[in-house]
2 protein chains.
Amino acid sequence: MKKIYVGLIGFGTIGTGVVKLLQNSSQIIEKRLGARLILKKIADVDLTTPRDVSVEKGLLIKDANEILNDPEISIVIELMGGYEPARSFILEAIRKKKHVVTANKALLATYGNEIFKTAEEEGVDIGFEASVGGTIPIIKTLKEGLVANRIKSVSGIMNGTSNYILTKMTDEGEIFDAVLKEAQDLGFAEADPSFDIEGIDTAHKLAITLSLSYGKRVKLDDIFIKGISEISQKDIEFAKDLGYKIKPLAIAIQREDFIEARIHPTMIPFDHLLANVNGNFNAFHITCDAADSVFLYGQGSGMMPTASAVVSDLVDISRNMLKGIARRVPSRSRREDIIEDIKLMPMDDIVTNYYFRFSVIDRPGVLSKISGILGENNISIASVIQKGRKHDNAGAVPIVMTTHESKEKNVQKALKEIDRLEIVRGKTILVRIEDEKLK
Amino acid sequence: MKKIYVGLIGFGTIGTGVVKLLQNSSQIIEKRLGARLILKKIADVDLTTPRDVSVEKGLLIKDANEILNDPEISIVIELMGGYEPARSFILEAIRKKKHVVTANKALLATYGNEIFKTAEEEGVDIGFEASVGGTIPIIKTLKEGLVANRIKSVSGIMNGTSNYILTKMTDEGEIFDAVLKEAQDLGFAEADPSFDIEGIDTAHKLAITLSLSYGKRVKLDDIFIKGISEISQKDIEFAKDLGYKIKPLAIAIQREDFIEARIHPTMIPFDHLLANVNGNFNAFHITCDAADSVFLYGQGSGMMPTASAVVSDLVDISRNMLKGIARRVPSRSRREDIIEDIKLMPMDDIVTNYYFRFSVIDRPGVLSKISGILGENNISIASVIQKGRKHDNAGAVPIVMTTHESKEKNVQKALKEIDRLEIVRGKTILVRIEDEKLK
């Protein structure tokens, strides 16, 4: 049986999962691939922390260059994360004509152009299924399954920690800080959770998704990002009354010449499939011109699910090698030289529905004042909820409004005016609503 | 730009969709593939019925042999359906070293062994993504995305018509016959709907799914099949009271040495993703050892969604051709000669939960009589609903029971005894329940 030698850089959680999976599933893989994958070297700066898998002593090395310089190794798996030295290692592997498999979304979102272009020049493959949506075959589906489609929209829950927090807040009435602490204790939220809850991690994944959906490049800084930390129990309950769940969505929509791309907590109808994606699961909802509506769901993170995606890339590349070819499918579904930049729609021009929760003094004329300002700014009100008269600590009561389709620019202007009113206590909470567009 | 010539046999609904898609998406496909797909000939016995696409006159031919004998054509798309002459055309195409793309689930479920073996011998590719789940990338996901996984279960809604009928009955309280007529009027249920509503169409798709999940062959006749025509409004309402929806499921579960495979209307909890697959949509829920839980959803039929899957196969095969290779991935994910037969578990040995609706005379001792027989047969009752005393035309009232896990053989024996009781009017309705196993 033919042998294909693989080197692994980064022996953390996912790296451990890959080693485990290659051990546990070697028979299945051999039967399907018709060849043997041999993990020849594992490089990590930390060789002392015990891992949840047993490995022959000789495999472990400190210096990744030993992998890059080993002519027998033809595929390098990069699972160390971060920008450097991951970027340099990957570029060096490519220049040495080694294929690369990586789960490094931050790196691809930021240095994707350089990495993909170099890989094309050197004629090697880059597998990155694990970088977006973990075990969900979103990359393959966009590049291959939907190859004959124009993508109209991709929306998704791309961060498990944010989804876990909002799910717990919704289902068990817990408060944000308590759930975050719980997720940290369970080990899947980081000690510094800002990457997850502030939407940065999602932005990396959306950037990669965008470049596959529209075959173009996108500047990470141009994507509108709002995290979930402002969402409170109050908003979750008002959302319920209105027939919505609040989910941490990333949204990309094709508009004539522009692509709308934004990340924020979003109210979606109860019966939308995305509303039923709970816990730390991820999901993607794609709408397109021929295939209509496709929805993919699975574990977006975690040791074994992510390892499953990494090994699927390994096998994919190995199948090419066994046939003596490479780059059967371009990294970003077309040749790098015909990929254009994406023109993102400025956030000011976005049109959608909104939920506002105003904190106001309970006094005659308040509603008229607020609705007046909204009207002047061309924002038409769809519903109003003003329940009871229970004051909060600041002596304010909530008024909740939802709007018909309105322009973000007008909304921001109106809220600025409203928040300056003497009758308003505290900043108005805004949550965007998606009703029909994602269906 | 390189040209790849394609011949189409079967110019019905899906065939028309494929022609449309190749016309509408030629630019996208060329950019992604780097070559031009040229539809050179379209064969159909009926050349007079107008189609919803305009085609150059010279393309249309009556005799499919012109396609099979055209040396310039390297890929044949078979969309005529049925067993013959589809089978002969496909085998002839393969022997002429042409690659084949087909959506013909009945043919593959029945003659798959012959077709896949011949394709392997002749070294050509068979694309059949469109045969199961329409636009849903279930074939690619099982063969490639989950290549390193042991599949624990695959359950799914694989027939749009059945799902449409049960959805309408559930959401709008309509009766079976009325919804069926409606689906026929809308054109997506056949004049003879038995293939759809009796589960035959689903069985074809499950047979193909099984052979990919377990890399083995299955005898179609050994799969337990029960259609949806016995489901009434009463059962849908009792299901609601119990927290379930009734869905037309196909279920495959790996048990030690056996595979459990069965098709029947099934009660599943409201919050299961499959319970939220409505209308004529299809979905697959896969559980496996590394990737955990993967859920795929989309249009399982229809002109353009199915065409999208057909064209994705065309592009897949073309990418091989452009690299001068074929059979990069074996048709059924491993070499044909190492594929074993599947050992299906006899239906008698299945263990699951059950819902029974008994029609009984409202008289003291009835409940004790029925529960006595269940107890004697080792069937333990989980819940009982006996509401009001409204008699039906036969003077009977319903008693509903759900069971803990019980053996199918015991259940069938008990129901036979119960249905013979003098106090029982009419056949007891049985619906299987899946609670935890598919999660």
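This is a predicted model: local features need pLDDT of at least 70, side-chain atom pairs count only at pLDDT 80 or more; totals for chains, interfaces and linings use all residues.

Trainee: Which residue in β12(B) stands opposite F295(A)?

Mentor: Residues are numbered from 1 along each chain as its sequence is written, while chains are lettered from A and ligands numbered from 1 in the order in which they are written. Strand β12 (residues 292-299) of chain A runs antiparallel to β12(B), joined by three bridges; strands (E, at least two residues) and helices (H or I, at least four) are DSSP runs numbered from the N terminus, and two strands pair if DSSP finds at least two bridges between them. In this pairing, the residue that stands opposite F295(A) is Y297(B).

Trainee: Which element gives the largest share of the side of chain B that touches chain A?

Mentor: The contact involves 49 residues of chain B and 49 residues of chain A, where contact requires C-beta atoms, placed from the backbone, within 7 Å. On the chain B side, two or more residues each come from α2 (26-33), α6 (138-145), β12 (292-299) and α12. With nine residues, the largest share belongs to α12(B).

Trainee: How many nonpolar residues does that side of chain B have?

Mentor: Ala, Val, Leu, Ile, Met, Phe, Trp, Tyr, Cys and Pro count as nonpolar, Asp, Glu, Lys and Arg as charged, and the others, Gly among them, as polar. The side of chain B that touches chain A has 13 polar and 13 charged residues, and its count of nonpolar residues is 23.

Trainee: How many bridges join β13(B) to β15 of chain B?

Mentor: β13(B) is largely enclosed by the rest of the structure, because seven of its 10 residues are buried; a residue is buried if 20 or more other C-beta atoms, placed from the backbone, lie within 10 Å of its own, exposed if 12 or fewer, and partly exposed in between. Its antiparallel pairing with β17 (residues 429-433) spans five bridges, and F356(B) faces L430(B) there. With β15 (residues 397-403), where S359(B) stands opposite P398(B), the number of bridges is six.

Trainee: Within what arc do the buried residues of α4(B) fall?

Mentor: The buried residues of α4(B) are A86(B), F89(B), I90(B), A93(B) and I94(B). They pack against β1 (2-9), α3 (65-68), β4, β5 (99-102) and α5 (105-122) of chain B. An α-helix has 3.6 residues a turn, so residues three or four places apart point the same way. Seen down the axis of α4(B), the buried residues line one face of the helix, because the directions from the axis to their C-beta atoms fall within an arc of 135 degrees.

Trainee: Is K97(A) buried or exposed?

Mentor: K97(A) lies in the loop between α4 and β5 (99-102) of chain A, and its phi is positive, about 65 degrees, although it is not a glycine. Because there are 12 C-beta neighbours inside 10 Å, K97(A) counts as exposed.

Trainee: What is the omega of the peptide bond from E84(B) to P85(B)?

Mentor: P85(B) belongs to the loop between β4 (73-78) and α4 (86-95) of chain B. In chain A, E84(A) and P85(A) are joined by a cis peptide bond with omega about 5 degrees. The bond from E84(B) to P85(B) is also cis, and its omega is near 5 degrees.

Trainee: What distance separates the C-alpha atoms of K369(A) and I423(A)?

Mentor: K369(A) lies in helix α13 (residues 366-376) of chain A and is partly exposed, because 15 other C-beta atoms are within 10 Å. Not counting residues up to four places away in sequence, K369(A) touches L421(A) and I423(A). K369(A) and I423(A) are 54 residues apart along the chain, and the separation of their C-alpha atoms is 9.3 Å.

How values were computed:
Two residues are in contact if their C-beta atoms, placed from the backbone, lie within 7 Å.
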